[in-house]
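Visitor: Please show me the model. Then walk me through it in short steps.

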Amino acid sequence: MAISPERFRKAASRASSGLILLGALLSVYLLQLKWSGPDFHTRLEWFSIEGLPRLTAGILLDDSAALMLVVVNIISFLVHTYSTAYMHDDPGYRRYFSFLGLFTFSMLGIVLADNLLVVFIFWELVGLSSYLLISHWYDKESAAKAAKKAFVVNRIGDVGFLTGLAVLWIQFKTFDLEALEALMANSSIQNGQWTSFLGYSLNADWLTIAGIGLFLGAMGKSAQFPLQVWLPDAMEGPTPVSALIHAATMVAAGVFLMARVFVLLDINALTFMAAIGAVTAFMGAVAALAQHDIKKVLAYSTISQLGYMLMGIGVGAYDAALFHLFTHAFFKACLFLAAGAVIYALHEYAHKTNAHFDAQDMRNMGGLRKRMPFTFFAYLVSTLALIGIPFFSGFLSKDAILSGAYAWADVMSQEALSWHYIIPDLGFFTVVLTAIYMFRQLFLVFFGKLRIASQDQQAGLQAVKEVPPVMRGVLVVLGVMSFGIIWSVNPFDQSYSWFLGTIEVPTIVSPGFVVDWQPRLIELSLRNHLEVMAISMAMIVAGGVVAWYLYRPGSKYERTYYKRPATMNKLQALSYNNWYLNDFFNVLVKKPVTAVAQGLTRVEKQVIDRAINAFAVINVIIAHAISWIDRAVVDGFVNFSVFFAGRVGVMTKSLQGGKIQSYILIAIMGMVLMILWIIW
Amino acid sequence: MLNDYLLSTLIFLPLTAAVIIALLPQPAKQFYKYIALFVCFVQLILAGVIYFGFNHNLQGVREIESFQYTEFTPWINFELASLGKLSANYFVGVDGLSVTMVLLSVVVLLIGVVSSWNITEKAKGYFSLYLVLNAAIIGCFVALDFLLFYLFFEFMLLPMYFLIGLWGGPRRDYASIKFFLYTLLGSVLILIVMIMLYLSVVDPAATAVELNLASNIENVSPDIVQQVQDMLLARQVPVENLVHTFNMVYMTDPGNYIPNSVMDVQVVRELLGQPARLLAFLLLFIGFAIKIPVVPVHTWLPDAHVEAPTPISVVLAGVLLKVGAYGLIRTGYLIIPDGAIHYAWWIGLFGVISIIYGAMCALASRDLKKLIAYSSVSHMGFVLLGLASLTSEGVSGAIYQMVSHGIISAALFLIAGVVYDRSHNRIIENYSGLASKMPKYSIFVIIFFFASMGLPGFSGFIAEVFVLLGSFSSSVVNGLIPRWMTILAATGLILSASYYLWTIQRMFFGQFFTKGPVEANSLTDINRREYLMFIPLFVLALLLGIFPGLILDLINQSVSLFVETVNNHEFKIPHNN
Amino acid sequence: MEEGLHHKLTGINSSLPYFLPEVILVGGIILIVFVGLFNIGKKELLMRVLAAVMLALVLYFDIRQWLHEDNVRQLFLDMVTLDRAAILWKILFGTGGLFTVLMGFKYRGWYDKSGEYYALMLSVVFGAHLVAMASNLLMIFIGIEVISISSYILTTFSFNKNSTEAGLKYLLFGAAASGVMIFGMSWLYAFTGSLAFTEQSFLEMLMKADALPLIIASLFVTAGLLFKISAAPMHIWAPDVYTSAPTPVVAFFSIVPKLAGFAILVRWMLVIKLFGFSPVDWAAVLAVVAMLTIAIGNFSALWQNNAKRMLAYSSIAHSGFLLIGLVAFSELAIQSLLFYAAIYILMNVAAFIYVSYLEREYNIINIKDYKGFVRTSPLIATVLVVIMISLTGLPPTAGFTAKLLIFSALWDGYAATDHTMMLYLLIFGLLNAVVSLFYYLKIPYFMIFKEGAHEGKAKKLYTIENFLGFFMVLALLILFFKPDGLMRMINSVSFAF
Amino acid sequence: MTIENYFILSAILFCIGMAVVITRKNAIVVLMGVELILNAANVNFVAISRLDNVQIEGQFFSLFVIVVAAAEAAVALAIILKVYKYYNTTNLNEINQLKG
C-alpha cells in the first residue's frame with residue numbers, strides 16, 4: 001500500500017479491502033471446518049539456542065481462535081470499506097490503509113500464534129500500528145501526545161507480560177501454549193515450592209506473579225485500571241481506527257490473551273483479575289457519565305465493557321467473557337462507526353456552512369435522528385445491545401458474565417458474606433450506569449434540536465446529510481449483528497446460545513487448584529441465572545428512568561447543554577477527568593521520572609566534577625596558588641583530572657624556585673628525610 | 001589458499017590502503033574515498049566468504065584446534081632472564097564469539113565510508129586514519145594472542161583521537177582528549193592484568209619443545225601437552241624451559257598456570273588483601289567497562305559522540321563499544337571465570353544501573369545525538385546483564401544485542417547526522433513537525449527508533465528478550481543474578497519507549513516549524529546516498545529480527561561451550577568471607 | 001717493592017689492549033682540541049666529522065670487545081672491570097654520543113668554538129666509559145667528575161645569560177653532590193679499609209659495620225649517583241640546565257651522563273644491598289625515589305610551555321621509569337633496564353633532533369608555536385607523533401615494549417618478594433603513563449588540531465640529522481614488532497646475583 | 001691522637017662546608033664551602049689511610065680529590081666570571097632567571 005503511487009490510491013485501498021474480505025471469507029470457511037472439531041496446530045522450527053529446547057513458531061487454531069479470526073477479519077473488512085469513504089479526502093490516505101493492513105496482520109498474528117513469545121511479538125506490533133494510527137494526524141500536537149501515551153502505557157503492561165513470560169520460561173523453557181499446558185499440569189506445589197517437570201523450582205508465589213504479569217500485559221492492552229488512561233486519549237485517531245482497534249479488536253486482545261493462558265493461571269491471579277475487572281468496569285462507567293465528546297463516551301464505555309470481560313475471565317466465566325468479547329466487538333464497532341458517521345456528517349455540515357465548531361462535541365449536536373435515520377437506527381440497536389436489553393446480543397453475554405460472577409462470589413465466599421460479593425455488585429451497579437450514560441448520549445445526539453444550528457441561524461438541521469451508502473451499508477451489517485437472535489435461539493437464555501454451547505471452558509491445570517472449583521461455578525451459575533436476569537433488568541430500568549428524567553429532550557440539562565461548561569461540580573469533575581488518573585500518573589510517575597532524569601544530568605554535569613574538585617581541595621596548601629592557573633588554562637585541557645594533576649605539577653615544579661641554594665637545601669632535606677625514614 | 005590468509009588480508013588490506021592513500025599525491029584527492037570504499041567493499045566480500053565457509057559445529061572458545069581461519073606465526077621470542085622464555089605470536093582466528101563481531105564491523109565500517117562521502121577537508125588524513133582504525137578494529141576481534149589484542153586495542157585510540165579531534169564539532173578538543181584519557185586509563189588497567197597473566201601462564205606446546213619432548217610445535221600431541229601440564233604441576237619443569245605465553249586460549253586452561261604464580265589456580269595468592277585473580281578480574285572489568293561503557297565510567301561517551309563527525313560516531317557506537325564487551329568475554333570471562341562468577345552480581349547490577357541511568361539521561365537530553373549516545377549506554381547495559389547471567393539465553397542475548405546494537409545505533413547516528421548535515425544543529429527543541437517537511441526521513445527515523453526500543457520484528461527485540469529471560473532464569477540455573485534485577489532492567493524498556501517517542505513527538509510530529517539557528521529551507525529530504533546507507537541497515541535489522549538463526553547458528557556452539565566453561569570452571573574459587 | 005712495581009707495570013701494560021676504545025677517545029679529544037686551534041673554513045663540519053669518526057671508531061672497538069670478550073677482566077690493578085654488561089653500556093654510550101655528535105653544533109658566534117664542543121662531548125663519553133667499568137670507588141669518583149666537569153662547560157655553550165646561569169647552578173649543585181658522595185665514600189673506606197668495592201672482603205667488612213653510619217654513608221654515595229641520573233630529590237638542577245643548554249647538549253645530557261649513572265648504580269646496588277643483609281631496604285627507598293621522580297617529572301611537565309623544558313621534565317620521569325629496574329633488581333629487571341635504556345636513547349634523541357630542527361629552522365620554541373605545523377610538513381608531524389607515542393609508552397612503538405618489560409620485571413619482583421612498595425610503584429607508574437599522555441600529546445595536539453601561521457614548504461628537510469631521526473623512528477617501530485634481536489643481545493649479558 | 005678525632009674534625013668540616021654552601025650568597029664563597037666538604041672527605045681518607053700502610057689508597061684518593069677540586073674550581077671561576085659579566089653580581093639570590 002505504502003509504495004503504491006498516488007493515483008492508484010482508490011484502487012489500492014479497494015484491493016486491500018478485497019484481500020481482507022477474502023481473508024474474512026476464508027476465516028468463515030475455517031470456522032466451519034474447525035467448529036467443534038479437534039484443535040489445529042502446526043509448528044515450524046524458528047531458531048534454537050544451544051542447550052535449550054528449540055524455539056518454534058506456529059499456528060494454534062482452536063474454537064475461540066477461529067471465532068476471533070472471523071470477528072477480526074469481518075470487522076476489519078467493514079472498517080476498511082467504511083474508511084474508503086470516511087477517509088477519502090485525507091492526504092495520508094495511503095499511509096492510513098497500509099497501517100490498517102499492518103494492524104490486521106498483526107492482530108491475526110496474535111489470534112493464531114501458538115506461542116507466547118510470538119504472541120508478544122504481534123502484541124507489540126499491534127501496539128505499533130495503534131501508535132501509528134493514533135498519530136495519523138501527526139501534525140496535531142494532541143494526537144502525537146496521545147500516541148506516545150498509548151505506547152508508553154502499553155509498555156508498562158508489556159514489562160509485566162515479559163516478567164510473566166520469564167517466569168514461565170525459567171520453569172518450563174518453552175513458550176509453546178500446548179506444551180506449557182502439559183508442563184503446567186505436570187508441575188506441582190509442595191511446601192510452598194513450585195517445582196516443574198524439568199526439575200526447576202521456585203517459590204510458589206512466582207506462579208501468581210506469572211499470572212499477574214501476563215495479566216499486566218492484558219491490563220495495558222485492554223485498558224484496565226490503572227492503565228486505562230491511554231484509551232480515551234487514543235480517540236485522537238480517525239474514528240474507524242477507534243472502532244477497529246480501540247473498541248473491537250486490539251483492546252480485546254488482552255481478554256483473548258487471558259483466555260489463551262486461562263489454564264495456566266492460579267486462583268490468586270484470577271481473583272486479582274476479577275477485582276481489577278470489576279473496578280475498571282465501574283470506573284469506566286462513571287467516567288463515561290460526564291463526557292461531552294461523543295467518542296470519549298464510547299471510549300470509557302469500552303473500558304467499562306473490557307472490565308466486564310476480564311472480570312468474566314477472572315471469575316472463571318471463560319466462555320461468557322469470550323462471548324461478550326464477540327458481541328461487544330460488533331455492537332461497539334457499530335457504535336463507533338455510527339459516531340463516526342455523525343462526526344462525518346457534521347464535518348460536511350461545517351464545511352458547507354463555513355461554521356467552525358468541534359464536530360465531536362455532543363454539546364453541538366442534537367436531533368440528528370431526523371436527518372440520519374440509518375445512523376440513528378444502527379446507533380439505537382447497538383446501544384440497546386450495549387445496555388443489555390433482552391433480544392439484543394449484549395443481554396446474553398453480559399448476563400452470562402454477571403451470573404458467572406455471582407456464582408463465583410458464592411463459591412469463593414463459601415455462602416458466607418464476604419468481600420467477594422462486591423465484585424458482582426459492582427457489575428450490577430455498572431449496569432445502571434451503562435444505561436444512564438448510553439441513554440444520555442442517545443438523547444443528546446439524536447433527539448431534540450441541533451444545538452449548533454440554534455446558534456448559527458443560517459443553515460439549520462436541513463443542511464445535515466446522511467452519510468454515503470458505503471458507510472451506511474457497513475452500519476447496517478454491524479447493526480444486524482447486535483440482535484440477540486443471531487447469537488441465541490432463546491433470546492432470554494444464553495444457555496441456548498450456539499456459542500456457549502460449543503465453547504468449552506478449559507480445565508485449569510495450574511498446580512494447587514481446587515479440583516471442583518470449576519464444576520461448582522458452572523452449576524451455581526446455571527442455578528442463579530434467573531435471579532441475575534431479574535436484577536439486571538431492574539437495574540436497566542432504573543438506569544433508563546434516571547436517564548429519561550435527567551436527559552430527555554426538553555429537560556433542564558438538555559436545554560442548557562449547549563452552554564454547559566465541562567464540569568459543574570466535584571463529582572462531575574471526577575467523572576469527566578476519569579478519576580483524575582492522568583494527574584495521578586503525572587504526579588506519581590511522570591514527574592518523578594523527569595525529575596530524576598534531569599537530576600541525573602545535573603549530577604553528571606556538576607556533582608562528578610564537583611567531587612573531583614573537592615578531591616582537589618584536599619591539597620589546601622596549593623589550592624590558592626593554583627586558582628589563577630585554572631583560569632589561564634585554555635585550549636581544551638579543561639579537564640577535571642588536570643585540576644588534580646596540575647596541582648601536583650605546580651607543587652613539584654615550584655621546587656624549581658630558581659635559587660641554587662634552595663635546590664641544594666631541598667636535596668639535602670630530601671636525603672635527611674630519607675635517612676630518618678630508614679632509621680625509623 | 002585464500003582461506004589460509006583470509007583474516008590477515010582482512011587486517012592488512014586497509015592498512016596497506018591507508019599507506020597508499022597517505023602516499024598518493026594531492027591531485028588524486030577525489031580517489032581517496034573510492035579507495036576506502038573499495039577496500040571496505042572487498043572486506044565485506046571476504047567477510048561473506050568467512051560467513052559462508054564458517055563451520056557451525058566447531059566451538060573454539062577454549063579449544064585451540066577448533067578455531068577457524070587460524071594463522072600462526074611466531075612473533076616475539078626472547079629469554080626473560082631467570083624466568084624462562086617469552087613468546088608472543090601472531091595468532092589470529094575466529095570462533096562463534098568473534099566471527100559475528102567481524103561481520104558486524106565490516107558492515108558498519110562500509111556504511112561509515114559511505115557516510116563519509118562528503119568529507120573533503122583534509123580528506124587524505126581522514127581516509128587513511130579511517131582505514132587504520134578499520135584494521136585495528138578487525139585485528140582486535142580476530143586476535144587470539146593477548147599482546148596482539150592489546151596492540152590493536154591501543155591502536156584504535158590514536159586514529160580515533162585524531163578523527164574526533166580534527167573533524168569533530170566545536171568542543172572536539174575536549175571530547176577527544178577525554179576519550180583518549182579515559183580509554184588509556186582503561187588499557188593501563190588491562191596492561192597490568194596482561195603482565196600478571198603472561199608471567200603466570202606457559203605455552204605447553206612450546207615448553208614441550210623446550211623440554212625435548214617433541215621436535216617442533218606441530219608435533220605436540222595432546223598426550224604430550226598433558227604430560228607437560230603434569231610436570232608443571234609437580235614442579236618438574238626447569239624454570240629456564242618455561243615458555244611464557246600471551247596466548248589467550250592457553251590462558252583459559254588451568255593446567256597451564258605455573259604453580260604458585262600470581263594468577264595461580266591452586267593456591268590463592270593475595271594482593272593488597274584481595275585474592276589476586278579476583279583483583280585481576282576487577283581490573284579487566286574496569287578496563288573494558290570504560291570502553292563498553294558502564295555507568296560510572298561512561299562520561300567520555302556522550303562528549304565523544306556529540307563532537308565526533310557522523311561516520312565516526314557510527315563506527316564508535318557500532319563497533320568500538322563492542323570491542324569492550326568482546327574483550328571482557330574473551331579475556332575476563334574466559335581467563336578468569338572464577339572472578340566472573342564471583343562478581344556476577346555486581347556486573348549484573350552495573351548492567352542494570354547502566355540501563356536505567358542511560359535511559360534517564362537520554363530522557364533529559366536536549367541534543368539528539370546525546371540522546372542516542374545515552375541510549376547506547378542503556379543498551380550496552382543489556383549486554384552486561386546478559387553476560388552476568390551466564391546462561392545460554394543470556395549470553396546469546398548479549399552477543400545478539402551487540403550485533404543488533406551495532407546495526408541500529410549506527411543507523412541512529414546516521415539519522416542524527418542527516419539533520420546535522422543540513423542545519424548544523426541538533427537541539428531537539430529547535431525542530432517540530434519534520435514529518436511533513438521530510439517524510440521519507442521521518443519514516444526511517446520512526447523505523448529505527450522503534451527498532452532501537454526493541455520492537456519485535458527487529459533484531460533488538462530478540463536480543464533484549466533473551467537477555468531478560470537469561471538473567472531471569474539465572475536465579476534458578478546458577479543463582480548469580482537475583483530476579484529483581486531483571487524486573488528492574490525490564491523497566492528500561494518503558495523508559496526507552498518514552499524517550500524515543502517523546503523525541504518523535506517533539507521533533508517529527510506537530511506543526512512544522514524551526515527555531516533558533518535552524519534554517520527551515522535547509523531541511524531537504526534524504527538523498528540517494530543516504531538511502532543507500534539506511535536501507536541495508538534496515539534490511540539487516542529486520543532480517544535479524546525475523547530470522548535470529550542467521551546469527552544464533554553461528555554462535556550457538558561457541559556460546560554453549562562458553563557458558564559451560566565459565567560455569568564449570570576448574571579454577572579454585574577464592575572464598576573471602 | 002721492586003717486584004711489586006714491576007708487577008704493577010706489566011699489569012698496566014697488559015691492560016692497555018683492552019682499553020682501546022678509551023685510548024681512542026683520549027686521542028680523539030687531543031686531536032680535536034689540536035685541530036680546533038686552527039681557524040679554517042667549514043670548521044664545524046670538519047670537527048663534526050672528526051668527532052663522528054672518532055666515536056665510530058670507539059663504537060667499532062666497543063663492538064669488537066662485545067664480540068670477542070666473554071670473560072670478566074680486571075684491568076689496571078683492579079681499578080676497572082671489563083665485563084659484558086660494561087661493554088653493552090659502553091656501546092650504548094658510544095651510540096648515544098654518535099647520535100648527538102651527528103646532530104651538530106649550530107652556534108654562530110664571533111669565534112667558532114666547535115673544537116671545544118666536540119672535545120668536551122668526547123670527554124663526557126670517556127667519563128661514561130670509565131664509570132661503566134669502574135670497580136673502585138676512586139674510579140667512580142674520577143669517571144663522574146670527568147663527566148661532570150665537561151658537562152658544566154657544555155651547559156654554558158649557548159653563550160647567553162641563561163646558559164651561564166644554568167652552568168653555574170649545575171656546577172655548584174654538582175660540586176656539592178660530589179662532595180657529599182666522596183664524604184660518603186670516605187666513610188665506606190673507613191669501614192672497609194679498601195676502595196675496591198666489588199671485592200668480597202669489602203662486602204664482608206661492610207656487613208660488620210654499624211647500621212647508622214652505614215646507612216648514612218651508603219645513602220650519601222647513592223645520592224651522588226642519583227644526582228647524575230637526575231632522580232628526585234637530586235633532580236632539581238635538570239630543568240634549568242636542560243632549558244638553557246644548546247639542544248644537542250640537552251639531548252646528550254639526557255642520555256650519556258644519565259645512563260652512565262645507571263650503569264654504575266646497577267653495579268653499586270649489587271654491592272650495597274649486601275645480599276639482602278643491608279640495614280637499608282633499598283627496594284623501598286628506590287621505589288620512593290622512583291615514584292617521586294616519576295611524579296615530579298610528569299606533573300611538572302604538564303605545565304611547561306617550552307618544548308625543551310617539557311622534554312627535560314619528561315626525561316626526569318623516564319629516569320624514574322628506569323629506576324624501576326633497580327627497584328625490582330633481578331636479572332630480568334636489569335635486562336629490562338638495559339632494553340629501556342636502549343629504546344630511551346632512540347626516542348629521546350629523535351625527539352630532540354626534531355625539536356632542535358624546528359627550533360633552528362622555524363624558531364619554534366614554545367609548544368604553542370607548533371600550531372598548524374602539520375600543514376608545513378606532514379611527514380615531520382607524523383614522525384613527531386610516533387616519537388611522542390613512544391615516549392608515552394603506547395603500542396606500536398618500542399616505548400611500549402620497554403615499559404612492558406620493565407613493569408613485567410617489577411611485577412615479577414613483587415610476586416617473588418611480596419614487597420608492597422613494588423605494587424604501589426607498579427600502579428603508580430602505570431597511572432602516570434596516563435598522565436604523561438597529557439603533555440606528550442600537547443605537541444601533536446597543537447601541531448595537528450590547531451590552525452597556525454605555518455604554511456608552505458618544509459625548510460631544509462633533507463639533512464643528516466633528520467634522516468637520522470627518521471631512522472630512529474623506524475627503529476622504534478621495528479623494535480616493537482621484532483624486539484628479539486636486541487633482547488637476545490641483552491640476554492647474553494649475565495648478571496651475577 | 002685517636003682516629004675518632006679525625007672523624008670528628010671531618011664531620012665538623014663537612015657541616016661547616018654544607019652550611020656555607022647553603023647560606024652564603026656569594027658564589028665564590030659557596031665554592032669555598034664545597035672545597036671545605038671535599039677537604040672533610042680528604043681528612044677522612046688520609047686519616048684512615050694511616051691504618052693501611054701497604055696500599056695507602058686513601059692518600060691517593062685525596063690527591064685525586066685535590067686535583068679534581070682544582071679543575072672544578074678553575075671551571076667554576078671561569079663560569080662565575082661569565083656570570084658576573086651578565087649579571088654584574090655574584091650574589092646567588094640575584095642569579096635566578098631560570099625557574100619553574
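Guide: Two residues are in contact if their C-beta atoms, placed from the backbone, lie within 7 Å. Domain bounds come from an automatic or database domain assignment. This is a predicted model: local features need pLDDT of at least 70, side-chain atom pairs count only at pLDDT 80 or more, and totals for chains, interfaces and linings use all residues. Residues are numbered from 1 along each chain as its sequence is written, while chains are lettered from A and ligands numbered from 1 in the order in which they are written.

Visitor: How many residues of domain 3 of chain B are in contact with domain 1 of chain B?

Guide: Domain 1 of chain B covers 1–193 + 295–327, and domain 3 covers 343–569. Their centres, taken over C-alpha atoms, are 23 Å apart. On the domain 1 side 35 residues take part, and they meet a domain 3 side of 40 residues.

Visitor: Which element gives the largest share of the domain 1 side that touches domain 3 in chain B?

Guide: Helices are DSSP runs of H or I with at least four residues, strands are E runs of at least two, and both are numbered from the N terminus. Three elements of chain B give two or more residues to this side: α3 (96–115), α12 (300–307) and α13 (310–335). With ten residues, the largest share comes from α3(B).

Visitor: Why is chain B called as compact as a globular protein of its length?

Guide: Chain B has 23 helices and seven strands. The globule rule is 2.2 Å times the number of residues to the power 0.38, and the radius of gyration is taken over C-alpha atoms. For 577 residues the rule gives 25 Å, so chain B counts as that compact because its radius of gyration is close to this, at 24 Å.

Visitor: Which element of chain B gives the most to the side that touches chain A?

Guide: Here 47 residues of chain B are in contact with 43 residues of chain A. Elements giving two or more residues include α7 (172–200), α17 (392–423) and α21 (483–508) of chain B. The top contributor gives eleven residues, and that is α21(B).

Visitor: How far apart are the end C-alpha atoms of residues 60–81 of chain D?

Guide: UniProt positions use the numbering here, feature names are shortened, and annotations may be inferred rather than shown by experiment. The unreviewed UniProt entry annotates "transmembrane region" at residues 6–22, 29–48 and 60–81 of chain D. Residues 60–81 of chain D are 100% helix and 0% strand, with their end C-alpha atoms apart by 32 Å.
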